[in-house]
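Please keep the sequence and the three-dimensional view at hand while going through the numbered points.

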Amino acid sequence: MTAVGPKLAPVDPYIAPSILSADFARLAEEVRAVEGSDWLHVDVMDNHFVPNLTLGLPVVQSLLKVTDIPMDCHLMIADPARWAPGYAEAGAHNVTFHAEAAPDPVAVARDLRAAGALAGLAIKPGTPLDPYVEILREFDTLLVMTVEPGFGGQSFIAEVLPKVREARRLVNTGHLNIRVEVDGGVTEDTIVAAAEAGADTFVAGSAVYGAADPAEAVRALRDRARASFAGAAGR
Ligand code: DX5
Ligand code: ZN
């Protein structure tokens, strides 16, 4: 078979359990329950950017002491320029903030990378990808929200998948070098469409912590993503 594009290393899907659906009174235990996950997704909400309040830097610092799972901090906060670098300095592996909250996303991305973290840009379901394509060269992760940010347990919005497809195309053609992450309503069913569209990193809250065996749920999600991603264009 003739190759039709640049040769790319195969991408292994990452599963990132979201502790938003965990029992906050037993966080260390709940994190141990998903040992073997690729990333640990931690949702920081400030009750300004989203109408919900979760946790902040002190809890992240404590969590970093009890796990080796690379931490994926999703900041749903106003003024990320002020707050995001602190999460990178604390040792988070990937720090994602929202495009809608950042007048100068590139400056924030540079601060995150300078502090030793990967930089992620998140876009809400109604936010187009096009205006951000150029600046995504300064990022390591694109987080395409598949629900409105703020709460776990919502239904997957399949209408955003064209953005995932476009991001994958830009990666496959060598224009971008990013992970393409989806967050919200990811289940064993919806992960198939997301992986087929080209997502390679999957956040799952209720699908993991609502399962009888969270570690098994992570494995099942990864198997489904692997099987579906193999059929994605260009790979
Ligand atoms: C929602 C958060 C998600 C949430 C996903 O704003 O960003 O990470 O935990 O939860 P599920 O998987 O239940 O939709
Ligand atoms: Zn999230």
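1. Gln 154 touches Val 147, Glu 148 and Gly 185, when residues up to four places away in sequence are not counted; contact here means heavy atoms within 4.5 Å. The side chain of Gln 154 also reaches two backbone oxygens, that of Glu 148 at 2.8 Å and that of Phe 151 at 2.9 Å. A polar contact is a pair of N or O atoms within 3.5 Å; within protein, one must be able to donate a hydrogen and the other to accept it, and residues adjacent in sequence count only if both atoms are side-chain atoms.

2. A word on the basis of these values. This is a predicted model, in which local features need pLDDT of at least 70 and side-chain atom pairs count only at pLDDT 80 or more, while totals for chains, interfaces and linings use all residues. Residues are numbered from 1 along each chain as its sequence is written, chains are lettered from A and ligands numbered from 1 in the order in which they are written, and side-chain values use heavy atoms, with hydrogens and water left out.

3. Where is Gln 154 found? Gln 154 sits in the loop between β6 (141-145) and α5; helices (H or I, at least four residues) and strands (E, at least two) are DSSP runs, numbered from the N terminus. Gln 154 counts as partly exposed because its relative accessibility is 31%; buried means under 20% relative accessible area, exposed over 50%, and partly exposed in between (1.4 Å probe, protein chains only). The C-alpha atoms of Gln 154 and Asp 200 are separated by 21 Å, and the two residues are 46 residues apart along the chain.

4. Distant parts of the chain are linked here, with His 41 in strand β2 (residues 40-45) and Asp 183 in strand β7 (residues 179-183), 142 residues apart. Both His 41 and Asp 183 are buried.

5. Ligand 1 is surrounded by 20 residues, the closest being Ser 18, Gly 150, Asp 183, Gly 205 and Ser 206; a residue is counted if one of its heavy atoms lies within 4 Å. A polar side-chain atom of Ser 18 lies 2.7 Å from an oxygen atom of ligand 1. Backbone N or O atoms also approach oxygen atoms of ligand 1, that of Gly 150 at 2.7 Å and that of Gly 153 at 2.9 Å.

6. In soluble globular proteins, nonpolar side chains tend to be buried together. In this model the largest nonpolar core has 64 residues, and those with the most contacts inside it are Ile 19, Val 95 and Phe 202. Such a core is a set of buried Ala, Val, Leu, Ile, Met, Phe, Trp, Tyr and Cys residues joined through side-chain atoms within 4.5 Å. Helix α5 (residues 161-172) gives the most to this core, with five residues. Apart from it lies another core, of five residues, among them Met 45, Phe 49, Val 50 and Met 76.

7. Is Leu 27 buried or exposed? Leu 27 is buried, because its relative accessible area is 11%. Leu 27 belongs to helix α1 (residues 27-32) and touches Ile 19, Ala 22, Val 59 and Leu 63, not counting residues up to four places away in sequence.

8. Most residues other than glycine have a negative phi. Asn 47, not a glycine, has a positive phi of about 65°, and Asp 79, also not a glycine, has a positive phi of about 55°. Asn 47 is in the loop between β2 and α2 (57-66), whereas Asp 79 is in the loop between β3 (71-76) and α3 (80-90). Asn 47 counts as partly exposed at 46% relative accessibility, and Asp 79 counts as partly exposed at 39%.
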